[in-house]
Amino acid sequence: MAVNLKGTDTSKAPEPPLGNKPLLGERYTSKEFMELEWEGMWTKVWLIAGLVEELPQKGDYITCEMGRESILCVRDNNNKIRAFFNVCQHRANRLVQSEKGKAKTFSCGYHGWQYSLEGELIYVRDEEDFPQGSPCGKLKLVEIPCETWGGFIWYNMDENCSSLHDYLSPHQEHLSVYPLEEMKRTDWVTIEGNFNWKCVQDNFNESYHIPDVHPQLKYFLDERYQSCQFDLYLNGNVRMLMPGSIPTPHAEKEEDLIIESLKPDAEFWEMDIESYRGRFKEFRKDLQNQKRKLSEKKGYDFSLFNDDQLTDNYHYGFFPNVYFSMKPDGNIFLRGNPHPTDPNKCYFDMWYFTWFPEGANEYYSNSMGKYVAIDSPVEHLTGKFGEISAGPGIDQDVAVWQSQQQGLSSRGFRGDYMPYQERRIRFHHETIDRYIEGSIQDFIKNNS
Ligand code: FES
Ligand SMILES: [Fe+2]
């Protein structure tokens with residue numbers, strides 16, 4: 001197997017200019033700010049509706065909720081995937097009610113108007129009774145830009161949007177070494193949370209909280225900011241590279257716990273973790289070498305990875321609300337979607353994509369701490385915080401957002417005071433402001 005050791009580009013992005021305006025609680029709690037975000041940002045950015053694999057055949061469709069809108073995506077009669085606002089042109093009833101399905105035409109439940117898969121209005125009852133002329137051939141569902149990348153369906157509510165390619169840059173290129181389209185969604189969870197969507201995004205934009213919120217991670221991740229690389233790209237996308245399969249130095253004495261954490265991976269890759277007592281630092285490099293050696297036998301093609309990608313977390317943030325946390329064997333997809341009307345609520349999505357070794361039907365997912373099966377269609381779990389789980393580590397994050405939101409509406413909170421390692425948060429908020437002010441393109445141009 002040819003090994004291309006280049007892998008994903010790890011060069012450090014130049015630091016963009018950052019301001020120092022305090023981030024006040026009202027950004028998370030006020031309806032006015034929520035409205036500014038909706039008009040200036042949510043309706044101008046590329047967002048993910050679902051997976052291409054959900055629409056294998058003509059007539060397959062999905063709907064997704066985004067704030068006050070519902071978006072309908074369908075594979076039309078020419079195999080093209082289209083996106084429409086999910087609203088009937090008669091008197092605005094939501095056209096399709098279910099999350100997914102198959103249709104020859106879409107028929108509105110209120111007065112029976114029917115639309116083709118291409119969005120044309122093709123049937124109305126009492127067609128002769130319209131003094132203004134039949135709406136058939138005249139009215140259409142309102143279509144919006146829709147493209148695919150990485151196995152995902154992307155849409156943009158702004159018909160004058162920039163290209164998806166520019167929007168995703170440079171992540172599209174960086175992530176091309178991962179077989180995103182082959183990974184299978186093995187978890188699909190949506191939690192209705194009592195927190196603003198930015199609590200989710202802020203949290204994944206820093207790792208400062210790890211020692212307190214996820215004390216278990218220190219046994220196999222070196223989360224210290226000195227060990228990580230943070231990249232901030234002018235279009236609002238960000239990245240963090242964090243070494244994995246290595247304990248942080250302050251955990252090195254707790255050998256039994258380190259062994260417990262690293263064991264499943266070590267066993268899969270036929271290594272004796274016990275022999276690393278007293279020298280766990282060496283495990284990461286040895287595991288990288290072992291993966292190169294055994295990858296073919298184990299059913300993985302790592303030929304496009306650099307060595308560090310074999311063990312580390314490559315954590316990619318897509319502006320405004322999606323994280324791909326790339327592991328060597330999967331991707332945790334994390335997203336906070338706004339509530340239709342209440343800034344104190346949002347919908348948090350966790351999708352886990354497993355990269356199954358070739359030929360394997362079952363796999364132990366280290367990140368999820370469980371076995372996952374390739375052939376069982378994954379069920380969409382929805383519920384409130386505490387009712388359903390987004391996985392052992394992520395549940396710890398969700399618990400904090402609930403309590404943070406309470407503090408964000410307190411008179412006793414006077415704005416943030418953040419260390420430099422949390423600068424992706426500030427940058428994210430400043431990018432939101434640039435969308436609201438309409439200055440994002442100028443910012444990119446003036447700093448390129
Ligand atoms: S609102 Fe859809 S047919 Fe009347
Ligand atoms: Fe966390």
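This is a predicted model: local features need pLDDT of at least 70, side-chain atom pairs count only at pLDDT 80 or more; totals for chains, interfaces and linings use all residues.

Me: OK, at what angle do α5 and α9 cross, and within what distance do the axes come?

Reply: They cross at roughly 125°, and the axes come within 10 Å. Helix α5 covers residues 197–204, while helix α9 covers residues 392–408.

Me: Is that crossing left-handed or right-handed?

Reply: The crossing of α5 and α9 is right-handed.

Me: Which residues meet there?

Reply: From α5 you have Cys199, Val200 and Asn203, and they meet Asp397, Trp401, Gln404 and Gln405 of α9. Sorted by class, that contact has 3 nonpolar, 3 polar and 1 charged residues.

Me: Let's switch to α2 and α10. How do they pack?

Reply: Helix α2 (residues 31–40) packs with helix α10 (residues 423–437) at an angle of about 70°, and their axes are 8 Å apart. Angles of 65 to 115 degrees count as roughly perpendicular, so that is how α2 and α10 are described.

Me: And the handedness of that crossing, left or right?

Reply: For α2 and α10 the crossing is left-handed. On the α2 side the contact is made by Leu36, Glu37 and Gly40, and on the α10 side by Ile432, Tyr435 and Ile436. By class there are 4 nonpolar, 1 polar and 1 charged residues in this contact.

Me: Zooming out, how many helices and strands does the chain have?

Reply: The chain has 11 helices and 21 strands.

Me: Where are the domains?

Reply: Domain 1 spans 46–151 and domain 2 spans 179–447. Their centres, taken over C-alpha atoms, are 35 Å apart.

Me: How many residues of each domain are in contact with the other?

Reply: In domain 1, 8 residues are in contact with 8 residues of domain 2. The side of domain 1 that touches domain 2 has 3 nonpolar, 3 polar and 2 charged residues.

Notes. Residues are numbered from 1 along each chain as its sequence is written. Chains are lettered from A and ligands numbered from 1 in the order in which they are written. Axes are lines fitted to C-alpha atoms, for helices over the stretch in contact, and angles run from 0 to 180 degrees between N-to-C directions. Helices (H or I, at least four residues) and strands (E, at least two) are DSSP runs, numbered from the N terminus. Angles under 35 degrees count as roughly parallel, over 145 as roughly antiparallel, 65 to 115 as roughly perpendicular and the rest as oblique. A crossing is left-handed if the near helix is turned anticlockwise from the far one by less than a right angle, and right-handed if clockwise. Two residues are in contact if their C-beta atoms, placed from the backbone, lie within 7 Å. Ala, Val, Leu, Ile, Met, Phe, Trp, Tyr, Cys and Pro count as nonpolar, Asp, Glu, Lys and Arg as charged, and the others, Gly among them, as polar. Domain bounds come from an automatic or database domain assignment.
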